[in-house]
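Colleague: I'd like to learn how to read helix packing and charge pairing from a model. Could you walk me through one?

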Amino acid sequence: MKNWFTSLNGAITLSIIALLSEVWRGFLDAMFVFPNDIGDESFMHVAALIYTGLFAAWAWSLISAARGRRRGLIAAFIINLLVWLMIPVSTLLFYCPVDCLADAGWIFSLANTLNLLFGLLAAVALGLQLRRREEVVLRSGEA
């Protein structure tokens with residue numbers, strides 16, 4: 001298991017799971033949170049475009065990383081970390097603390113928990129890949 005987690009395939013798989021859990025969370029936000037909390041139709045259209053662009057960039061970065069490109073790995077790490085900090089972590093700490101999550105229901109709590117878990121695992125696995133690739137570049141540069 002340790003070998004899989006520290007491999008490129010493991011990092012990409014965890015990132016795909018984190019992306020899918022965020023897509024799920026995005027659908028929940030679009031269906032329940034935005035109409036109730038914002039209600040402005042034009043803002044919801046802009047939010048949908050932002051989510052779509054973010055998910056497209058994340059998917060592109062994972063495809064690029066799977067092909068062995070360092071830029072894709074860096075982009076996947078940055079997007080995963082930003083999404084992880086902006087959505088599940090900030091939801092838990094600022095937007096919807098424990099009392100709010102209890103009122104939101106089990107489906108939101110499950111989505112947020114999965115975002116927290118898989119986003120963190122993906123960030124660690126991607127970070128290990130970045131570090132490993134940097135070491136390989138340094139070693140080949142020394143020769």
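Modeller: Of the 143 residues in the chain, 36% are buried, where buried means under 20% relative accessible area, exposed over 50% and partly exposed in between, with a 1.4 Å probe and protein chains only. This is a predicted model, in which local features need pLDDT of at least 70 and side-chain atom pairs count only at pLDDT 80 or more, while totals for chains, interfaces and linings use all residues. Residues are numbered from 1 along each chain as its sequence is written, and side-chain values use heavy atoms, with hydrogens and water left out.

Colleague: How many helices and strands does the chain have?

Modeller: The chain has six helices and zero strands, so the pattern along the sequence is α-α-α-α-α-α, with helices (H or I, at least four residues) and strands (E, at least two) taken as DSSP runs numbered from the N terminus. Among contacts with a separation of 6 or more, 75% join residues 24 or more positions apart; contact means heavy atoms within 4.5 Å.

Colleague: Which quantities describe two packed helices?

Modeller: The angle between their axes and the distance between the axes. Axes are lines fitted to C-alpha atoms, for helices over the stretch in contact, and angles run from 0 to 180 degrees between N-to-C directions. Here, helix H2 (residues 8–37) and helix H3 (residues 41–66) pack at about 175°, their axes 10 Å apart. H2 and H3 are therefore roughly antiparallel; angles over 145 degrees get that label, under 35 count as roughly parallel, 65 to 115 as roughly perpendicular and the rest as oblique.

Colleague: Which residues in H2 and H3 meet?

Modeller: Those in H2 include Leu 8, Ile 12, Leu 19 and Phe 34, and those in H3 include Met 44, Tyr 51, Phe 55 and Trp 58. By class, this contact of H2 with H3 has 17 nonpolar, two polar and two charged residues. Ala, Val, Leu, Ile, Met, Phe, Trp, Tyr, Cys and Pro count as nonpolar, Asp, Glu, Lys and Arg as charged, and the others, Gly among them, as polar.

Colleague: At what angle do H2 and H4 cross?

Modeller: The axes of H2 and helix H4 (residues 70–95) cross at roughly 40° and come within 11 Å, and H2 and H4 are therefore oblique to each other. The H2 residues Leu 8, Ala 18, Glu 22 and Arg 25 meet H4 residues including Leu 73, Asn 80 and Val 83. That contact of H2 with H4 divides into six nonpolar, two polar and two charged residues.

Colleague: Is Leu 73 buried or exposed?

Modeller: Leu 73, in helix H4, is buried at 1% relative accessibility. The C-alpha atoms of Leu 73 and Leu 130 are 7.0 Å apart, although the two lie 57 residues apart along the chain.

Colleague: Now for charges: how many salt bridges does the structure hold?

Modeller: Side chains of opposite charge can pair when their charged atoms come close. The structure holds one salt bridge, meaning a side-chain nitrogen of Lys or Arg within 4 Å of a carboxyl oxygen of Asp or Glu. Asp 29 forms it with Arg 25, and the closest N and O atoms are 3.2 Å apart.

Colleague: Where do Asp 29 and Arg 25 sit in helix H2?

Modeller: They are four residues apart in H2, so about one helical turn separates Asp 29 from Arg 25. Asp 29 is buried, with a relative accessible area of 6%, and Arg 25 counts as buried at 7%.
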